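Please keep the sequence and the structure in view while you read.

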Amino acid sequence: MSPRAGSGPVAVRNPVAKLGAALLIALPLVVTIDPVSALVALLLEIPLLLAAGLSARQFWLRTLPLWIAAPTSAVTIALYGATSGHVYVEWLFVRVSEGSLLLAAATFLRVLAIGLPAVVLFVTVDPTDLADGLAQIVRLPARFVLGALAGMRMLGLLADDWRALSLARRARGVADAGRLRRVLGTAFALFVLAIRRGSSLATAMEARAFGAPTARTWARESRLTGGDGMLLLAGAAISATALTVSIAVGAFTPVLGR
């Protein structure tokens, strides 16, 4: 993996702390569907996002899917969501009402409030550091953690494999006509290659006793520091403040109570 994308104070925090902060922000926000809590959380997340140290280009490229998904979801809900209150537009299956617009706004803000910190925090995570933290701090099984890490390392090879397969098939004159046929053929060849590589990797890891039931030692120690604790407290404070403000202004709308 390339060096960390960010250089801010959040970027150097333990990956487990980043994972915990993202969960602390996301989990409480899914219990309500009002726009107030999402808006408050989104505003409070701005210092956290800035502390990641991403450049403007890195930030917009990494979060582009969210900026596409949020308005798309909002428009869909505005047109086809549950109808309540005054109806503004009604045509065939489309019914835009006061309730659907409020729900659309809440969905738009909630996608950003939950997605932005998750994406930005994980951009600065190194897979090896994350595996060390999950195994040593969270105490997940080493066999599972190391297998997942090996799989993530292999993902970076897929683009190179696709390019090599495409060039090889073109050199042999295979599927020169028909773009769809060429893509499907290359995708199938890549799938077969990935299975073979995964089998070879699994055999090599078993031969090196990666699946041994005994306790493992780790080359790098992973532990939580005071800065990591501050990051976790920040995540908890964001959610707690958002829910408190939502309840105080009477906007709290539990999902299960709808």
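The largest nonpolar core of the chain has 28 residues, and those with the most contacts inside it are Leu-29, Ala-41, Leu-42, Leu-48, Leu-112, Leu-116 and Val-120. Here a nonpolar core means a set of buried Ala, Val, Leu, Ile, Met, Phe, Trp, Tyr and Cys residues joined through side-chain atoms within 4.5 Å, where buried stands for under 20% relative accessible area, exposed for over 50%, and partly exposed for what lies in between, computed with a 1.4 Å probe and with protein chains only. At least two residues of this core are supplied by each of helix H1 (15-29), helix H2 (35-50), helix H3 (56-80), helix H4 (98-123) and helix H9 (226-248), and the largest share, seven residues, comes from H4. Apart from this core lies another one, of seven residues, among them Ala-131, Leu-134, Ala-135 and Leu-149. In soluble globular proteins, nonpolar side chains tend to be buried together.

Leu-29 touches Ser-37, Ala-41, Arg-110, Ala-113, Ile-114 and Ala-242, if residues up to four places away in sequence are not counted; contact means heavy atoms within 4.5 Å.

Some notes on the source belong here. The model is predicted, so local features need pLDDT of at least 70 and side-chain atom pairs count only at pLDDT 80 or more, whereas totals for chains, interfaces and linings use all residues. Residues are numbered from 1 along each chain as its sequence is written, and side-chain values use heavy atoms, with hydrogens and water left out.

The chain as a whole has nine helices and two strands, which follow the pattern α-α-α-β-β-α-α-α-α-α-α along the sequence; helices (H or I, at least four residues) and strands (E, at least two) are DSSP runs, numbered from the N terminus. The radius of gyration of the chain is 23 Å, while a compact globule of 258 residues would have one near 18 Å; the radius is taken over C-alpha atoms, and the globule rule is 2.2 Å times the number of residues to the power 0.38. Along its principal axes, the C-alpha trace spans about 65 × 55 × 35 Å. Buried residues make up 36% of the 258 residues, and of the contacts with a separation of 6 or more, 77% are between residues 24 or more positions apart.

| Residue | Relative accessible area | Class |
|---|---|---|
| Asp-161 | 12% | buried |
| Ile-77 | 21% | partly exposed |
| Leu-157 | 31% | partly exposed |
| Arg-139 | 66% | exposed |

Asp-161 lies in helix H7 (residues 158-171), and, not counting residues up to four places away in sequence, Asp-161 touches Leu-190, Leu-193 and Arg-197. The C-alpha atoms of Ile-77 and Leu-102, which are 25 residues apart along the chain, are separated by 9.5 Å.

The other two residues lie in loops: Leu-157 in the loop between H6 and H7, and Arg-139 in the loop between helix H5 (127-136) and helix H6 (142-155). Leu-157 and Ala-194 are 37 residues apart in sequence, and their C-alpha atoms are 9.5 Å apart in space. For Arg-139, phi is near 65 degrees, a positive value in a residue other than glycine.
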